[in-house]
Amino acid sequence: MKKLFVVTALSLATSGAFAATVSGGSSSLYVAAAASTLQAIGTAGIAMPTITGNTANTAAVVSFQAGPITQTNGVLSGYGTTSAHITNPLNGVVTSETWKNKFAYNTEVYAYRQIAAPSNGYPQFGGEVIAKVSGSEVYFGEWAPAKSGTQPSNSTDLNMSSADRTVWFVGENPTTSMPTLVNAKYNVVGINQYNPGTGAGVSSGVLTANYSGSTGTLTGSLTGASGTLNLGSSTISSNGSFARVDGVVKGQFYGSNAEALAGIYNSATTKVAFGGAKQ
């Protein structure tokens with residue numbers, strides 16, 4: 001059964017009670033990974049356009065944990081393909097349809113479909129998918145602009161076929177000094193044009209990291225219903241970032257001991273966001 005949820009004013013208020021170093025990246029200027037300026041200030045979040053058609057407004061960065069995830073958890077108590085609605089408390093308008101599910105390695109995936117325009121100055125979240133690495137404040141996912149015209153009350157179409165679809169990653173406490181890693185295994189999930197009604201668009205795999213001295217590599221692949229995506233070999237830098245030489249793969253390790261990682265695969269034909277934790 002569909003439910004309506006009135007978000008409390010508290011969840012929309014800004015707060016200075018939280019702060020963390022935040023780092024991430026994206027495949028386009030429509031999304032910027034940054035520390036939140038809305039809700040729990042300084043926590044992991046992303047900026048999106050606040051005006052339809054514009055690029056990300058970095059003055060309006062949404063906290064995942066205190067913003068959309070809190071709202072979804074308020075209307076959905078369990079996991080699955082059932083959706084619920086989120087209502088703007090300021091005007092009583094249903095702004096979005098939302099889902100939450102759980103996949104490999106306890107990875108939670110939250111999805112949102114914009115039904116009505118958000119309050120003035122708030123992000124145009126369009127179709128948004130937020131995946132969370134279990135046990136870490138590390139997130140990855142995708143965004144697409146809202147479909148034009150009047151939106152139905154219920155639909156699983158997040159507009160992920162849009163040419164403006166963007167993949168992204170972001171997390172708190174990025175690794176700044178890489179520890180030695182010897183065949184370290186990371187259980188990783190990938191997101192690619194997610195369908196919240198079926199769970200399609202999710203892949204998984206194990207990546208292997210080796211790092212010693214001042215250099216290292218990250219290798220592996222992700223497998224889903226649409227096949228296997230080989231991430232190839234990325235070079236790990238001493239500051240905890242990693243990138244493939246052709247720029248198709250980039251990402252970041254998180255935690256003082258590189259306990260988690262997240263990144264994106266961004267080619268002309270394939271865009272995948274991925275993240276996971278060390279075994």
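## Ground rules

This is a predicted model, where local features need pLDDT of at least 70 and side-chain atom pairs count only at pLDDT 80 or more, while totals for chains, interfaces and linings use all residues. Residues are numbered from 1 along each chain as its sequence is written, and side-chain values use heavy atoms, with hydrogens and water left out.

## The barrel

Start with the barrel: 8 strands close up in the order β12-β13-β14-β15-β16-β17-β18-β19, with antiparallel pairing. Going from one strand to the next, the twist averages 25° (axes are lines fitted to C-alpha atoms, and angles run from 0 to 180 degrees between N-to-C directions). Strands here are DSSP E runs of at least two residues, and helices are H or I runs of at least four, numbered from the N terminus. Two strands pair if DSSP finds at least two bridges between them.

Phe242 sits opposite Gly251 in β17.

## Helix α2

Helix α2 covers residues 68-75, and Pro68, Ile69, Gln71, Thr72 and Val75 in this helix are buried (under 20% relative accessible area with a 1.4 Å probe, protein chains only; exposed is over 50%, partly exposed in between). Looking down the axis of α2, these buried residues fall within an arc of 160°, so they line one face of the helix. That arc is taken from the directions from the helix axis to the C-beta atoms.

His85 is in strand β6, residues 84-87, and is buried at 7% relative accessible area. A polar atom of the His85 side chain lies 2.7 Å from the backbone oxygen of Ser153. The side chains of His85 and Asn154 also make a polar contact of 3.4 Å (a pair of N or O atoms within 3.5 Å; within protein, one must be able to donate a hydrogen and the other to accept it, and residues adjacent in sequence count only if both atoms are side-chain atoms).

## A loop residue

Ser148 belongs to the loop between β10 (138-144) and β11 (166-172), and is exposed, with a relative accessible area of 72%. Its C-alpha atom is 9.9 Å from that of Asn159, 11 residues apart along the chain.
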